[in-house]
Amino acid sequence: MIVLNSSDGATFEVEESVAVQSQTIKHMIEDNCADTSIPLPNVNGVTLARVLEYIKKHAEAKDDEEGLKSFDAEFVKVDQASLFEIILAANYLDIKGLLDLTCQTVADQIKDLTVEEVRAIFNIMNDFTPEEEAKLRNDHAWAFE
Amino acid sequence: MSPKKLHQSQMPVAKAALAPNIPEELTVDILLRLPPKSIGKFRCVLKSWRSLLSDPLFITAHLTLHLHYPQKLIFFSSSPVPPSSRSIYTLTFTTADNPGSEAVLQKLTLSENILENTSSKYASIVGSCNGLVLVLGFRMEIGFRDTMYLINPTTMEFVKLPASPLVREAVRIGGALGYDSSNDDYKIVTVSCDEPTSNETSVDVFSLRSGSWKRINSLPYHLDFRSSVFLNGAIHWLARSDSGDHSVIAFDLTCEKFNPVPIPRGEFDPLKLADLGGCLAMVVKQTFHQMDIWMMQEYGIGESWTKFSVPTPNYFYFNDIVCLLGDDNVVLNVKDQKLVVHNLTENTRRDMVVAGIGGHLRYLIGFSESLVSPIYYCQNWRAT
């Protein structure tokens, strides 16, 4: 069993065979950095719990394609802030399947949004002048139909 | 432009930062997954997004991620109401596995009326590649020049390309479009036959990046230039030697050389080549009741040619095979008047009359959506 410590002090136990779905953890184990426990200062407890839920399910139900598909669909039904936290965690922990799933989910959620809504989600301040933006929208009329 | 209705938990909060700072490589990962229209729209979000989303490297990566069987068709037709001039139309199939749902028809309105300028009687769509479509205006009469337009029907961008100075006037000509991945260049290959003075076929190649034409040595056989397929870095044609032997010839766009492609054994008269889901296909026979199609499942392996038959009940005329739709549907163009989507697994079909069209569906081909910019590839030689 491997012990993981989240940034806010929560402790989680997980089987090594499951934990190595994270390439980051796998390398730490291989480099013998995992004697007692592995500190994960970039992931908070709530997010780490969710990530572990994902990798546990994907380890135990490995061949059940249909089951995993419906699990994944339910798994991403979280608020957007949590979704971004999971993306950052999946990136840091290098879990490709989870990163693909969450990035695709965000892509599907934003693809039909307006420009203003996307700015809000990514916390972006518009740096075009009104004239520049108007011209750009005009040049891209095909994208706004 | 109406905002999509977001689920309550996903509503962006205007003031607070909803998302912690996402590193750029993750933002890029997310953006690469978007369809072309969303990417065009989001170029307006921020200056750095505009640069990123217009970067040729991003566009190429996007193309690689989204390369799949054509989901759209493009063709010429005329409108049902006078003045019924010819225009270019696109047809988007909604979901392939939703029988009965109609396709969406759209007239392509470019900033220049291409068909008027090409003496539209003689213009045709000759090929598509990576989301680009080539329109070629044939010179069938003395005094007309060839014209070529390379269009991206998704972004509405197009360029007019210089005619080949190497082809004499009033010579029959066909064309094809392909991508040279080694040089990141799009190439147009025209095939002309200077009958009756010569039996030979001449092949000329135009490179988009260099803006120049080059003649490849004349070939000692006839290429059937009405039927070309770009696949695996090469343009393929049906060919016939003087003795009447059939073959398939591939013109590799990187080394610009011809290579033969093994064809199935047996006696048959090939009618047409097609690209079915990335496999080279050859239509060999058509009767009132069925169409025989050979598909090369593994490119270059002669033994991998597999024959299958598509029933074509009561279709009197040649069914043009257009493209694959989804995994197992074949789109047929019946007499240029209606489309039939035939499901290969279940052997069922649905007819699709294209409403909103007055005339025939001419030069119908499939294409996929992409952001590839013809102007970008011509920038070294083209006056802006």
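Between chain A and chain B, the predicted model contains 3 salt bridges. One salt bridge joins the side chains of Glu145(A) and Lys37(B), with a distance of 3.9 Å from N to O. Polar contacts were also counted across the interface of chain A and chain B, and 11 residue pairs qualify, with both partners at pLDDT 80 or more.

On the side of chain A that touches chain B, four helices each supply at least two residues: α5 (80-93), α6 (96-110), α7 (115-121) and α8 (130-139). The helix that gives the most to this side is α6(A), with 9 residues. Sorted by class, the side of chain A that touches chain B comprises 22 nonpolar, 13 charged and 8 polar residues.

Turning to the extent of the interface, 43 residues of chain A and 40 residues of chain B take part in the contact. Together the two chains bury about 4,000 Å², and 68% of this area lies on carbon and sulfur atoms. Within chain A, the residues losing the most area to chain B are Lys111(A), Phe128(A) and Trp142(A), which together account for 16% of what that side buries.

It is also worth a look at how two of these helices pack within chain A. The axes of α5(A) and α6(A) cross at roughly 145° and come within 9 Å, and their crossing is left-handed. From α5(A), the residues in this contact include Leu83(A), Phe84(A), Ile86(A) and Ile87(A), while those from α6(A) include Leu98(A), Leu99(A), Cys103(A) and Val106(A). The contact of α5(A) with α6(A) has 9 nonpolar and 5 polar residues, and no charged ones.

Definitions and conventions
Residues are numbered from 1 along each chain as its sequence is written. Chains are lettered from A and ligands numbered from 1 in the order in which they are written. This is a predicted model: local features need pLDDT of at least 70, side-chain atom pairs count only at pLDDT 80 or more; totals for chains, interfaces and linings use all residues. Side-chain values use heavy atoms; hydrogens and water are left out. Contact means heavy atoms within 4.5 Å. Buried area is the accessible area (1.4 Å probe) that two parts lose on being put together, summed over both. A salt bridge is a side-chain nitrogen of Lys or Arg within 4 Å of a carboxyl oxygen of Asp or Glu. A polar contact is a pair of N or O atoms within 3.5 Å; within protein, one must be able to donate a hydrogen and the other to accept it, and residues adjacent in sequence count only if both atoms are side-chain atoms. Ala, Val, Leu, Ile, Met, Phe, Trp, Tyr, Cys and Pro count as nonpolar, Asp, Glu, Lys and Arg as charged, and the others, Gly among them, as polar. Axes are lines fitted to C-alpha atoms, for helices over the stretch in contact, and angles run from 0 to 180 degrees between N-to-C directions. A crossing is left-handed if the near helix is turned anticlockwise from the far one by less than a right angle, and right-handed if clockwise.
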